[in-house]
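Subject: Structure for your review

Hello,

Here is the structure I said I would pass on. Please look through it with the notes that follow.

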Amino acid sequence: MASTPNQKEATGNQNSWDSLLPDLPKGPLCRYRKKASFNWKEMAVLLDGEDIIQLKNRIFSALESDPLFARHPGEDLCREKYQELTFLRCKRLFEYDFLPPQEIIENPLKFFNMVLCIGMYDWSPSLQFVIHSGIFPGAIMSAYKRFAHVLKQASRMEIFGCFALTELSHGTNTKAIRTTATFDRNTQEFIINTPDFEAAKFWVGNMGKHATHAVLYAQLYTPDGQCQGLHSFLVQIRDTKTLLPMPGVMVGDIGKKIGQNGLDNGFAMFHNVRIPKENILNIAGDVTAEGKYSSSVKDVKERFSAALGTLSSGRIMITAISTTNLKLALAIAIRFSAARRQFGPTEDEEIPVLEYQTQQWRLFPYLAAAYALDYFSKSLFENYVEFSAGVLTQQRNQRQADLGREIHALSAASKPLASWTAQQAAQECREACGGHGYLAMNRLGEIRNDNDPNCTYEGDNNVLLQQTSNYLMSWMNCIRDKAPFESPLGTINILQDYYHILGWRFTATSVEDCMDSSVPLAAYKWLVCYLLRESDLKLGKKKQAGLSDFEAKNNCQVYYYRSLAIAFIEQTVLQRYHDYTHDPSIPPALQPVLKNLCALYGLWSLSKHLAVLYQGGYASGEQPGRLIQNAILELCYRLKDDAVALVDVFAPPDFILNSPIGKASGELYKNMWGEILQGDKVLNRPSWWAEFCINKPVKGRLKSRL
Ligand SMILES: CCCCCCCCCCCCCCCCCCCCCCCC(=O)SCCNC(=O)CCNC(=O)[C@H](O)C(C)(C)COP(=O)(O)OP(=O)(O)OC[C@H]1O[C@@H](n2cnc3c(N)ncnc32)[C@H](O)[C@@H]1OP(=O)(O)O
Ligand SMILES: Cc1cc2nc3c(=O)[nH]c(=O)nc-3n(C[C@H](O)[C@H](O)[C@H](O)COP(=O)(O)OP(=O)(O)OC[C@H]3O[C@@H](n4cnc5c(N)ncnc54)[C@H](O)[C@@H]3O)c2cc1C
């Protein structure tokens, strides 16, 4: 498989890099580009590999030359028009057929990258496309023999898919979903019903206007009146020839959102809608012709996790989507900061705002996070591909089950980490660009608003973190019993040394010591063990005080379970990135800057836990806190001359980035001015000019006379 995150060596030479990646235009940013310690093209080839770069080029240039994707400066589309355009663009993606199935099978990372490339242009068509051709088929794949024809129809866009789990009154709490699917053995059908409007399916992407078929989650009832729990079904909701609702279905659009308004999120209610028996997606269980429930998974909890297993792929993808937003925002803010000059040491010399310590400290840790999270999301996706291969080949061994649990625990925390990081970064980048950051044409508002739901969909971040902390707590018995244990990906193996690690202390004595990521990594290992111990003690105390399991766990979240899950995922991201950046096969010209990024990511993330490091005795006295702070500032300073080249590595072409202040030339004023003047009716007299010039207000006419 080409272009994996495990690829360690940049292939080729200057000529081959030049043929893959064109030179960037000359301009004010050259000053920084010349000072960079590395060749940005070599770095791009190392991180993505030639194959993925070629795919990206193919997609970007197709979009740029297609009038349907043309950018219209100053245009303000109404929602209806934006939804229509999004659908036309999504349809056009089928015509391009960027990735035939064989290419995806050979390298699934290409699918992952395709979604991100289209998203860099605009998330609405990208998400519409991925819901239909990723989430919808992904959810029915496990029953694929039965549904081969549906997958074929979906691949030709003869039908259009959505994924309908959430209801008006329940989202994260999936056990409380109330839509019912009752088996009728006389007709061999399921009857789908929505008990009342609060159980209407709600928020469902593609359902508002276009979807003809839904993967629908409902409580399965057998003829004996027993509820067999949450199952998924394939249900037709609109006629494929007319797009009118099917009999018994009421379906509509939920209205304007804070972002992603090209995408049609919808609601639906079902009244005695009959679907054939075969339309159950028999991942967790099935019913016989006589109406008896059968499942190869005997444990109810395991059945529940099997029914929700498909959500992990979405959470990994959202980790990458958020990281992509992080990159877009940083590309704009860092290029702006390198070109924008304000104040200076003398009256006649103004310096780029990137030279200011505060600007570096506000932006560079996010730059480091973008590199670390990018590596992590790709590597987790590869883990997921391995897991999926096991599901498709129906492997039912212990390793496969353990791998599913571990990936669930990782993705349930990496989605919160990445989406929150991008959310905070988008705001910081907006402010880092001053007033110009607030101008819609510069795109930071769109990035911030389109990123926002990443914190909520596919499970609310705060609730998902509980899944990760539950997973970590589940190892406490093994730890106490000193029983041997390990996980398939090895992410919890540090807990084997739990007692030993709890005795570790901060030992660095100079800023130079802290320049390597091994320092924050050791601190993180201690932090995870410490928070695990404290969470366990706290839970024990709550239970002893007579609280039920439910209450006890709820009262251990803040400062304990929640912090534990966050520390664990940060440690895991850092560990993977540390291993990658320290691999001897990384080209020597690239290794120093990558190591600086890794150390900065580790120290900056760790600095948010300083209070706990002191509280638990890992750090004491003035020195540790001071050293960490000074090391962060030193690393920011060391990265200053590399920052522009580091964003050149991941910034898409100007047309895709679509931000005058973020263009590669750095000619921010020319670019902004040009765009403003291209706007429709910029210089026109307003159509309501007479309201000022002729119809003068009669002052006080409407004043109350009571
Ligand atoms: C060769 C092979 C090639 C393969 C190629 C692969 C290519 C793949 C491409 C796929 C592409 C996919 C693209 C996706 C793109 C995404 C873009 C985003 C677009 C936005 C769309 C938005 C869509 C939605 O929002 S849909 C609605 C989503 N809703 C949710 O996520 C609901 C969240 N809630 C829950 O998941 C649960 O209710 C939860 C987790 C909160 C649990 O609640 P509860 O407290 O009731 O249960 P527990 O007791 O905690 O759990 C019981 C048990 O189950 C385990 N479990 C739960 N979930 C999972 C899981 N996903 N996997 C595994 N196990 C799970 C849980 O851990 C418990 O286990 P224990 O062992 O008992 O602890
Ligand atoms: C843009 C967008 C697109 C979406 N697309 C789809 C789609 O295609 N298909 C689909 O099925 N769904 C979709 N959804 C729905 C989405 O999956 C849910 O909104 C999400 O799972 C969160 O559920 P909720 O809205 O019910 O939040 P709730 O669970 O009601 O959460 C509300 C608040 O309560 C808190 N909370 C809840 N439970 C707990 C707890 N146990 N402990 C502590 N705090 C708690 C949460 O942290 C949150 O702050 C979409 C949502 C959005 C915003």
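Phe343 sits in the loop that runs between helix H11 (311-339) and helix H12 (357-392). Keep in mind that this is a predicted model. The phi angle of Phe343 is near 55°, which is a positive value in a residue other than glycine. Phe343 has 11 other C-beta atoms within 10 Å, and because the limit for an exposed residue is 12 or fewer, Phe343 is exposed.

A second residue with a positive phi is Asp97, where the angle is near 45°, and this residue too is not a glycine. Asp97 is placed in the loop between helix H5 (79-96) and helix H6 (101-106). Asp97 counts as exposed because it has 9 C-beta neighbours inside 10 Å.

Next, the annotated position. The unreviewed UniProt entry gives the annotation "active site" to Glu458. In the model, Glu458 belongs to the loop between helix H14 (444-451) and H15. Is Glu458 buried or exposed? There are 24 C-beta neighbours inside 10 Å of Glu458, and a residue with 20 or more is buried, so Glu458 counts as buried. Apart from neighbours within four places in sequence, Glu458 is in contact with Leu311, Gly314, Arg315, Ile318 and Lys415.

Now the ligand site. Ligand 2 is surrounded by 22 residues, and the closest are Leu165, Thr166, Gly171, Thr172 and Gly205. Two or more residues of this shell come from each of strand E1 (161-164), strand E4 (201-205) and helix H15 (461-473). Which element gives the largest share of the shell around ligand 2? That is E4, with three residues. By residue class, the shell around ligand 2 holds eight nonpolar, 11 polar and three charged residues.

The largest nonpolar core has 198 residues. Within this core, the residues that touch the most other members are Ala164, Ala329, Leu330, Ala372 and Leu600. For one of these, Ala372, the partners are Val573, Leu574, Tyr577, Cys598 and Tyr601, leaving out residues up to four places away in sequence.

Regards

Definitions and conventions. Residues numbered from 1 in each chain as written. Chains lettered and ligands numbered in written order. Predicted model: local features only at pLDDT ≥ 70, side-chain atom pairs only at ≥ 80, totals over all residues. Near = placed C-beta within 6 Å. Helix = DSSP H or I, 4+ residues; strand = E, 2+ residues; numbered from the N terminus. Nonpolar A, V, L, I, M, F, W, Y, C, P; charged D, E, K, R; others polar. UniProt positions renumbered as here; feature names shortened; annotations may be inferred. Contact = placed C-beta atoms within 7 Å. Core = buried A, V, L, I, M, F, W, Y, C linked by C-beta atoms within 7 Å.
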